[in-house]
Amino acid sequence: MKNVLLELTRIVQAVALLNSPQEQVKTIVDSISQVLRQDVCSLFRIDDEGKAVLLASHGLIADDYASLPAGQGLVGLVVRSKRPLNLANAAIHPDYYDLQNSNERQFKSFCGVPLVRSGKVIGVLVVQSKLARQLSDAREAFLVTLGSQLTMIVDDIPSHAQQPVASNKSISGVIGAPGIAVGKTQLCVGMSVQNAPDGVCDDPAAEIRSLHKLLLATRKSIEMDKQLLGQEIPENVATIFDSYAKFLADSSYINKIELEIRAGHWLPGALRITTLYFANIFKAMDDPYLKARHEDLEHLGNKLLEVWSGKRGKISANYSEQDSIILVGMQVSVSDIASIPPAQLAGIVCFEGSSLSHSAVLAHALGIPALMGVKEIKDLQSGEVVVVDGYSGQLILRPAKAVLSEYWQIFRRDKRHRKTLQALRDKEAITTDGTRVVLMVNTGLLADITPGLKNGAEGVGLYRTEIPFMQHSSFPSEGEQIEFYSEVLSAYQDKPVYMRTLDIGGDKQLPYFPILHEENPALGWRGIRLTLDVIQLLVTQVRAMIRAAGKRGNLYITLPMISSLDEILKFNELLDNVCKELDSEGYEFTRPKLGIMVEVPAAISQIENFREHIDFLSIGSNDLSQYLLAMDRNNARVANRYDHVHPAVLHEINRIVRTASRCELPVSLCGEMGSDPVAVVLLMGMGVRQISMSSAMLPDIKSMIRMLKISRAKSLCKRAMKLASAQQIRELVEPELRKIGYLES
Ligand code: PEP
Ligand code: MG
C-alpha cells in the first residue's frame with residue numbers, strides 16, 4: 001500500500017477511459033477489491049429516500065439487495081454517522097441486517113466509508129472479506145481517499161446506471177447448442193477485419209516480411225487459445241484450432257495477401273481484401289455447413305488484425321470470479337471463448353452465425369447453451385443479467401426475479417435430466433414392449449466423434465466425407481484421407497461406420513473445385529453423377545477408405561444421389577478394380593459392404609432391380625423430402641411449408657421400408673427426420689429399426705423410445721397415413737408423446 005497515490009491514479013485513469021457508467025462503476029469495484037485483496041467491494045448510491053441502491057459489486061449478487069430497506073444495516077449506519085465503519089466480524093454488530101438467502105453471510109469483515117458531497121452522504125463504498133480481520137489503518141485510509149475521489153464519479157452517474165428495471169424482453173435466435181444459462185453479459189467488441197482501413201504500401205518486400213512475422217505470431221496465439229481450453233474440450237474438438245492454424249499456413253491464402261501487398265495495399269488492407277474474398281466464396285454456397293465456414297475466415301481475419309495492432313483480445317476482464325459469464329457479440333470467436341475461465345463460461349449469444357458455426361460446436365462440447373443469429377441489441381452493456389434459453393431459442397433481457405427463479409429451476413432440473421440421460425448411455429434403445437432400435441450418429445467433423453461415443457452411439461450411420469474435404473484447401477491426398485478416415489474408424493472400433501462417397505455439387509461446393517453455373521444445380525452435376533465422371537477422385541477416395549479400415553470390417557460404403565442401376569454397376573466395377581489393385585499391392589483388408597442413399601425419388605421404384613448389387617439402403621430424408629415436395633430445403637421462403645412428416649413423404653418412406661423388407665435389404669434412415677421425435681414414432685411404426693441422427697439428439701430420442709410401445713407406434717402410423725397434412729399428423733402424434741411422459745403436458 002506504499003503507492004496509494006499511484007494506485008489511485010491508475011484506477012481513476014482506467015475509469016476515465018470507459019464510456020459506459022456501468023462499466024465505470026464495475027471497474028472501480030473490481031480494481032479496489034484487487035488492490036486491497038478483499039473478496040467483496042460494493043458501491044452503493046443513497047437515493048432521495050435514503051435507500052441504498054447497489055450500483056455495482058465485485059462479489060455480491062446485485063439482485064439480493066433490491067429489498068434492502070432504507071436506513072437499515074451497516075450501510076445505513078455509515079450513512080447516518082457519516083463516518084467509516086471498520087469491523088472484524090460484522091454479524092455480531094447490533095446494526096447488522098441479515099439478508100436472507102443472500103451470499104453475504106459468508107463474508108465476515110466489513111469496512112464501509114461514506115461518500116459525502118456538500119455535507120450529504122450520496123454513497124457508501126464497502127469492502128468485505130471472508131477473514132474476520134479489520135482492515136489496517138493504511139487500507140482504511142486508502143479507502144477514504146478513494147471515496148473522496150469517487151464522490152464526483154458517483155454523482156455523475158446517470159440514474160440508468162442503476163440496476164435496470166425488469167422488462168423480461170425476449171429476443172429470438174437460432175439454437176446453436178441446447179440448455180439454460182443465467183449469467184452476466186460480457187460483450188465481445190473487438191476489431192473487425194471488415195473495417196480495416198486502406199493504406200498505401202511503399203515497400204512491399206518489408207510489408208511481406210511483416211506478414212510472415214504476423215502469421216507466426218498469430219499461430220502462436222491460436223496455440224495458446226487451444227491450450228487454455230484444451231483440458232475442457234475433447235481432443236477432436238480442439239482440432240477446430242488446428243484448422244485455423246492450417247489456414248494460416250495455406251499457400252492460396254498467403255499468396256493472395258502477398259498479391260494484394262504487391263498491388264500497393266498495406267498489410268491491414270490486404271488482410272481485409274483477402275479475408276473477404278475467401279469468406280465470400282463460402283458465403284455464396286447453399287450448403288449450410290459450408291456456408292457457415294465464412295465465419296471462421298472472418299474470425300481469423302479479425303485475429304490477424306488484433307495481433308498486428310498489438311491490442312489484446314476483445315474481452316476486458318470486467319467480471320468477478322463468482323460471475324457466470326454469457327459472451328455476447330456480433331460473432332463470438334473460439335479465441336473469445338478461450339479467454340473466459342471454462343468454469344465461469346455459462347452461455348454464448350451471437351448476433352450473426354448459424355447453428356453450424358464453430359462457436360456452436362464448441363458450446364456443444366463444453367455443454368453450455370448457445371444462441372445464434374439473435375437480432376442485434378444496440379444498448380446491451382457488459383454486466384447485465386440475462387437468461388439464455390437454448391431450448392426455445394430465446395434470449396431474455398432484464399429478467400424479473402420470478403422469471404429468474406423459474407429459469408434456475410429449469411437449470412437444476414436440466415442438470416438432473418442430463419444425468420438421467422447420461423445414465424442411459426449404455427442402455428439399449430428398446431420400447432416398453434421389447435422392440436430394439438439401433439441408434440447411430442451423423443458426422444463428418446472430427447469434433448463430433450467424442451460426443452457421439454459419449455452419448456452411446458452404436459456406430460456412425462452417415463459420415464459426410466465432403467466435410468473433411470472442405471476443411472482442406474485442395475483435394476486431400478490418399479494419405480491425408482487415410483488419416484481422417486482412420487480417426488473415425490478406429491474410434492468406433494467394432495461398430496459400423498457408414499462412409500458416404502463425396503457428395504458435392506448442387507448446394508455443396510468445394511472452394512477449390514468450383515462447378516460452373518448451372519441453371520438448376522439441385523438437379524445437376526452432383527453426388528455420384530459427378531464422382532463417376534471424375535473417376536480418379538472416387539478411386540483415391542475408395543482406396544483411402546479401404547486402407548483406413550484394413551481388416552477391422554466396420555466399413556460400409558454409401559453412394560449418394562443414386563437414381564439408376566447403371567450408377568451402381570459402374571461403382572461396383574470400380575470397387576472390384578480397387579480391391580484387386582490393393583490386393584496386388586499387398587494390403588490386407590476386408591471388402592466393405594455397399595449400399596445406397598435412397599434420396600432421389602427415382603430410386604424407390606428401382607430397389608428390386610438394385611437388390612442383387614447392394615447390401616443395404618439408407619434413407620436420406622432431407623433430399624427425399626425436398627425432391628418429393630419440390631421444395632428447396634434451404635430456402636427460407638418455403639421453410640414454413642417444408643415438413644418431412646408431410647403425408648407424401650411418409651407414404652414413400654413406407655413404400656421403401658416395405659420393398660426393402662420384401663427384398664431382405666437392411667434399411668436405415670439418416671436424414672433430419674431421425675432427430676424429430678414425432679417422425680421417429682412414425683418411422684418405428686413403419687418398421688425402421690436403425691436410425692442415425694446428430695449426437696446431441698441421441699440421448700433424447702433414446703429416452704423417448706424407452707417410454708414408447710411399438711404397438712402404439714404402429715397404430716399411430718396407420719392412422720397418420722390416412723391424414724392429409726403434416727400438421728394433422730403432428731397433432732395426432734404429439735398427444736401420445738405427452739401421454740408417455742416424454743413431452744410435458
Ligand atoms: C439426406 O439427404 O437426407 C442426407 C442425409 O444427406 P445430406 O443431408 O448430406 O444431403
Ligand atoms: Mg442428401
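How many residues surround ligand 1, and which are the closest? In this predicted model, 14 residues surround the ligand, and the closest are Arg 464, Arg 500, Lys 508, Gly 620 and Asn 622.

**Figure 1. The shell around ligand 1.** By class, the residues of this shell are 3 nonpolar, 4 polar and 7 charged. Two secondary-structure elements, strand 16 (460-464) and helix 20 (621-629), each contribute at least two residues. Helix 20 gives the most, with 3 residues. Among the closest residues is Arg 464, whose contact with the ligand is detailed in the next view.

Figure 2. An oxygen atom of ligand 1 lies 2.7 Å from an N or O atom in the side chain of Arg 464. For the side chain of Glu 599, the distance from a ligand oxygen to an N or O atom is 3.0 Å.

**Figure 3. The magnesium ion, ligand 2.** Glu 599 (OE) and Asp 623 (OD) coordinate the magnesium ion at 2.1 Å. Glu 599 is in the loop between strand 19 (593-598) and helix 19 (607-610), whereas Asp 623 is in helix 20, so the pair ties together parts that are 24 residues apart in sequence. Glu 599 has a relative accessible area of 2% and is therefore buried, the cut-off being under 20%. Asp 623, at 3% relative accessibility, also counts as buried.

**Figure 4. Surroundings of Gln 331.** Gln 331 is located in the loop between strand 9 (325-329) and helix 10 (334-338). Its relative accessible area is 10%, so Gln 331 is buried. The side chains of Gln 331 and Glu 298 make a polar contact at 2.8 Å. Apart from neighbours within four places in sequence, Gln 331 is in contact with Glu 295, Glu 298, His 299, Asn 302, Asp 336, Cys 350 and Glu 352.

**Figure 5. Asp 242 and Val 460.** Asp 242 belongs to helix 6 (residues 239-248). With 30% relative accessibility, Asp 242 counts as partly exposed. In sequence, Asp 242 and Val 460 are 218 residues apart; in space, their C-alpha atoms are 23 Å apart.

**Figure 6. Backbone at Gln 493 and Met 561.** Most residues other than glycine have a negative phi. Gln 493 is not a glycine, yet its phi is positive, at about 45°. Met 561 is not a glycine either, and it has a positive phi of about 60°. Gln 493 occupies the loop between helix 15 (478-492) and strand 17 (497-500), while Met 561 is in the loop between strand 18 (555-559) and helix 18 (565-584). Is each of these residues buried or exposed? Gln 493 has 53% relative accessibility and so counts as exposed, the cut-off being over 50%. Met 561, at 0% relative accessibility, counts as buried.

Definitions and conventions:
Residues numbered from 1 in each chain as written. Chains lettered and ligands numbered in written order. Predicted model: local features only at pLDDT ≥ 70, side-chain atom pairs only at ≥ 80, totals over all residues. Heavy atoms only, no water. Near = heavy atom within 4 Å. Polar contact = N/O pair within 3.5 Å; in protein donor to acceptor, adjacent residues only side chain to side chain. Helix = DSSP H or I, 4+ residues; strand = E, 2+ residues; numbered from the N terminus. Nonpolar A, V, L, I, M, F, W, Y, C, P; charged D, E, K, R; others polar. Donors = N, O, S within 2.8 Å, 3.2 Å for Na, K, Ca; no water. Buried < 20%, exposed > 50% of the residue type's maximum accessible area, 1.4 Å probe, protein only. Contact = heavy atoms within 4.5 Å.
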